[in-house]
Amino acid sequence: MVTPIDAVRYGMGFDASGHWHRARPRFIPAPKRLGDEDSLAPARGVLLGMIAGGILWIGIIAAARALLHLF
């Protein structure tokens, strides 16, 4: 017998007497993580990512120019 993935995930399945039952949905709050109060975190991540990307590209271009001057 194959158990559908929905039965495992949502609690559907056969009870002890062999009757099919659906899951009873209930609200499960998401756990709070540290840093959730910081509303500027996404913007800070974008800016730091752009700066890090810029530094990476500057390094790649500098390395390529240095290699071209060798040949």
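These legends accompany close-up views of a predicted protein model.

View 1. From the N terminus, the elements run α-β-β-α. The protein has 71 residues, and 4% of them count as buried.

**View 2. Helix α2 covers residues 41–70.** With 30 residues at 1.5 Å each, helix α2 should span 44 Å. Its end C-alpha atoms lie 43 Å apart, which agrees with that expectation. The number of buried residues in α2 is zero, so the helix lies largely in the open.

**View 3. A nonpolar patch sits on the surface.** Its members are Leu56, Trp57, Ile60 and Ile61. Together they have about 430 Å² of accessible area. Ile61 lies in helix α2, and residues 41–70 make up that helix. An α-helix has 3.6 residues a turn, so residues three or four places apart point the same way.

**View 4. Confidence is lowest in helix α1 and highest in α2.** Helix α1, residues 5–10, has a mean pLDDT of 52. For α2 the mean is 94. Across the protein, pLDDT averages 77. A score of at least 70 is reached by 63% of the residues.

Note on methods: Residues numbered from 1 in each chain as written. Predicted model: local features only at pLDDT ≥ 70, side-chain atom pairs only at ≥ 80, totals over all residues. Heavy atoms only, no water. Helix = DSSP H or I, 4+ residues; strand = E, 2+ residues; numbered from the N terminus. Buried < 20%, exposed > 50% of the residue type's maximum accessible area, 1.4 Å probe, protein only. Expected span 1.5 Å × (residues − 1). Patch = residues over 30% accessible without salt bridge, like charges linked within 9 Å, V, L, I, M, F, W, Y side chains within 5 Å. Areas by Shrake-Rupley, 256 points an atom, 1.4 Å probe, with all protein chains shown as cover. Salt bridge = Lys/Arg side-chain N within 4 Å of Asp/Glu carboxyl O. pLDDT = per-residue confidence, 0-100.
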